[in-house]
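The sequence and the structure come next, and the text follows them.

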Amino acid sequence: MLKSMMLIIMAIMIFLSVSPGEVKAESGVQTIYFGGTIITMEGDNPQYVEAVIERNGKIIYAGPKSGANNNFAGKTLKVDLQGRTMLPGFIEPHAHPVGIGAILLANDIVAPHEWRMSHKTYPAVQGHENYLKAVKAIIDGKDDKSKTVLIWGYHKAWHGRLTLHDLDRVTGKVPTIIWQRSTHEIYINTACAAKYGVKKGDLSKEDDEQADWGNLHFWERAYQMIKGTKLAPFFADRQMLKRGMDRISATMLQNGLTAMMEPGFPIGTFADEYAILKEGTEKAGAYTIYLISGFPEQFVKKVSNDEYAKHIDALPARYNTDYIKFLPRQYKTFADGAIYSLALQLRKPFYNCPDCKSEWIIPLKPAQDIFNYWWDKGYKIHIHITGDLAFEKYLDFVEAAMKRNPRQDHRTTFHHVGLFDAAQAQRAADLGVEISANPYYLWALADKYSEIGLGPERAAAMVSLKEFTRRGVPVSLHSDFAMAPAEPLLLAWVAVNRIVASGKVMRPDEKISVYDAMKGITITAARTFEMENEIGSIKVGKQATFTILEQNPFAIAPEKIKDIPVTGVVYRGRMILNKAKYVGGDRDTHGCIGSAGYRWCARTKNCERPWLLAEKYGFANTAEAVNIFCGKQVP
């Protein structure tokens with residue numbers, strides 16, 4: 001079948017699709033991509049080429065189609081993009097595919113906002129009683145009441161205070177873990193504490209300060225210790241993780257991702273997470289996972305810096321595969337508490353939130369000692385930072401280190417950066433600090449945090465990325481999956497438009513350009529983990545790894561960027577199309593491709609598949625019902 005598919009491509013030069021679709025060139029055979037919009041993401045503005053040639057997974061040509069025809073003789077597989085747009089493969093520069101993503105996708109979700117995953121859509125749930133009802137419904141639906149249930153997505157600002165009494169009331173004797181929206185906190189019920197032997201005295205005096213034993217609630221360091229020790233049998237369950245990893249792979253393809261970097265691997269146990277990653281990536285064969293070690297593993301193991309440095313240095317030779325790459329001489333550490341927990345460190349008090357409490361994940365004195373150790377070893381340092389006080393303190397760390405032991409091109413990267421101001425952005429630029437931001441904070445939190453936590457002015461100013469781009473600071477965009485959906489186009493959309501969940505636009509003066517946003521999910525994303533010489537742009541010598549879109553993000557209204565369909569990816573020369581994607585080029589006057597099942601719907605003003613409309617809006621999947629729903633059709 002594969003051979004016949006390749007012959008069809010060479011003969012009539014159209015896209016093919018199977019479920020999932022795949023076209024893989026033979027070794028030594030080159031593939032030319034042409035006939036669409038090819039954007040290289042090289043330079044300071046959009047650069048276009050007519051054709052790209054790949055051989056053995058590498059780009060060997062990018063330029064005019066005439067040059068490709070004249071200078072590259074031999075057996076050539078021809079792929080006509082038919083007007084679609086091809087960019088460098090999308091990159092996720094900060095996510096947690098196994099320790100968070102796979103666990104979340106393998107279990108249940110009750111969250112304040114809707115979550116559309118590759119396997120299921122979970123509705124938004126808000127309000128205290130609605131939350132408890134949703135938890136009870138999940139528990140009641142379980143056949144085996146002895147198995148532990150994990151439910152992710154709780155947030156006090158939307159769901160009210162969660163007490164042990166409430167949790168026990170709706171979960172009964174079913175062992176239950178409530179994973180807070182930030183994944184920096186857990187609540188467990190009495191049955192869960194009994195099952196895993198969680199009891200007062202399990203934590204050190206220092207870590208015990210981040211625990212509420214009366215409600216079996218643990219956050220930051222206390223959470224890391226309980227999760228990494230007593231609850232490890234649940235979080236490391238391989239069957240659960242395999243199920244979730246399959247869904248991660250589907251999510252990657254669905255959203256055009258060809259690379260993902262995890263800082264701070266592993267979150268749980270190394271052997272379990274690595275085994276799942278290895279099996280999952282080899283099964284998919286469609287993306288690369290890059291890994292950086294860091295504080296979570298070192299903290300739980302209580303390993304010295306020198307011992308941990310030796311561990312990091314040994315990882316690539318022992319564990320790298322075709323699809324997993326450990327990155328030596330990089331380290332992930334932590335500043336303040338999670339923004340989703342309203343535990344970030346702020347220069348001014350919380351707004352209208354007497355129960356909010358700032359936290360340092362690592363207290364400042366040991367935090368600076370950790371930073372200085374890895375700085376002096378010449379490592380690139382990645383730092384989890386959410387609040388403006390934490391931003392300020394770590395700028396101080398960098399400035400002091402530069403004075404004591406100057407380093408050129410150190411590329412220290414602040415990750416997440418929920419709050420900061422123009423003066424801090426200027427200091428970051430002056431000190432050579434780079435940024436990897438989560439713009440989804442603005443969309444998800446700005447409305448609620450205007451009322452609770454930050455107040456209107458600070459909430460509207462969250463993730464003000466123009467402060468960096470106007471100063472030439474490299475900015476990548478990440479999801480920190482699952483702090484945001486792993487959808488690069490969605491992240492770019494938020495950064496470009498600054499639209500929040502209510503539909504309002506907040507601080508439009510802080511919108512960044514479409515080009516800076518697209519750099520943030522391609523070439524600058526690669527730079528964040530020092531892989532920009534291999535991936536991130538279309539350039540001779542780099543990997544032939546691309547994302548194919550139905551529309552050019554630079555040629556449509558910025559408000560529509562998140563809705564661009566992802567046709568598929570090319571991973572090291574292997575084309576993989578999303579399920580039920582396009583077969584031919586038979587477009588009507590609205591651009592709808594009939595052979596792919598699309599027709600124009602006047603009501604939605606989009607090309608739609610009738611059966612998906614029926615499913616989404618709850619009417620019968622018949623021609624008559626579709627006509628009634630969509631109204632008069634324009635031929």
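Two strands are said to pair if DSSP finds at least two bridges between them. Helices (H or I, at least four residues) and strands (E, at least two) are DSSP runs, numbered from the N terminus. The model is predicted, so local features need pLDDT of at least 70 and side-chain atom pairs count only at pLDDT 80 or more, while totals for chains, interfaces and linings use all residues. Residues are numbered from 1 along each chain as its sequence is written, and side-chain values use heavy atoms, with hydrogens and water left out.

## The parallel sheet

Strand 18 and strand 19 run parallel and are joined by 5 bridges. Within this pair, Met261 stands opposite Tyr290 in strand 19. Both strands belong to an open sheet of 4 strands with the order 9-18-19-20 and parallel pairing. Strand 9 (90–92) and strand 20 (324–326) stand at the edges; each has a single partner strand, so one side of each is left without a neighbour in the sheet. From one strand to the next, the twist averages 15°. Angles here run from 0 to 180 degrees between N-to-C directions, and axes are lines fitted to C-alpha atoms, for helices over the stretch in contact.

Strand 9 pairs with strand 18 (residues 257–263) in the parallel sense over 3 bridges. Ile91 stands opposite Ala259 in strand 18. Helix 12 packs on the sheet and touches strand 19 (288–292) and strand 20, where contact means heavy atoms within 4.5 Å. The direction of helix 12 makes about 140° with that of strand 20.

How many residues of strand 18 are buried? The count is 7 of the 7 residues, so strand 18 is largely enclosed by the rest of the structure. Buried means under 20% relative accessible area, exposed over 50%, and partly exposed in between (1.4 Å probe, protein chains only).

## Helix 3 against helix 12

Two packed helices are described by the angle between their axes and the distance between the axes. For helix 3 (residues 97–106) and helix 12 (residues 270–284), the axes come within 10 Å and cross at roughly 70°. That makes helix 3 roughly perpendicular to helix 12; angles under 35 degrees count as roughly parallel, over 145 as roughly antiparallel, 65 to 115 as roughly perpendicular and the rest as oblique.

In this contact, Pro97, Val98 and Gly99 of helix 3 meet Glu273, Ile276 and Leu277 of helix 12. The residues of the contact divide into 4 nonpolar, 1 polar and 1 charged. Ala, Val, Leu, Ile, Met, Phe, Trp, Tyr, Cys and Pro count as nonpolar, Asp, Glu, Lys and Arg as charged, and the others, Gly among them, as polar.

## The strands around strand 5

Strand 5 (residues 51–55) has partners in strand 2 and strand 6. With strand 2 (residues 30–34) it runs antiparallel, joined by 4 bridges, and Gln30 stands opposite Arg55 in strand 5. Strand 5 and strand 6 (residues 58–63) also run antiparallel, joined by 5 bridges. The bridge partner of Ala51 in strand 6 is Gly63. Strand 5 and strand 6 form a hairpin with 2 residues between them, and Asn56 in the turn has a positive phi of about 55°. Because 4 of the 5 residues of strand 5 are buried, the strand is largely enclosed by the rest of the structure.

| Residue | Relative accessibility |
|---|---|
| Tyr154 | 1% |
| Ser341 | 18% |
| Glu532 | 15% |

Tyr154 is in strand 13 (residues 149–154). A polar atom of the side chain of Tyr154 lies 2.6 Å from the backbone oxygen of Gly160. Tyr154 and Ala236 are 82 residues apart in sequence and 22 Å apart in space, C-alpha to C-alpha.

Ser341 is in the loop between strand 21 (330–334) and helix 15 (364–376). Ser341 touches Gln180, Ser182 and Glu185, not counting residues up to four places away in sequence.

Glu532 is found in the loop between helix 23 (523–528) and strand 26 (546–549). The side chains of Glu532 and Arg411 are joined by a polar contact of 2.8 Å. A polar contact is a pair of N or O atoms within 3.5 Å; within protein, one must be able to donate a hydrogen and the other to accept it, and residues adjacent in sequence count only if both atoms are side-chain atoms. Glu532 also touches Ile523, Ala526, Arg527 and Lys542, with residues up to four places away in sequence not counted.
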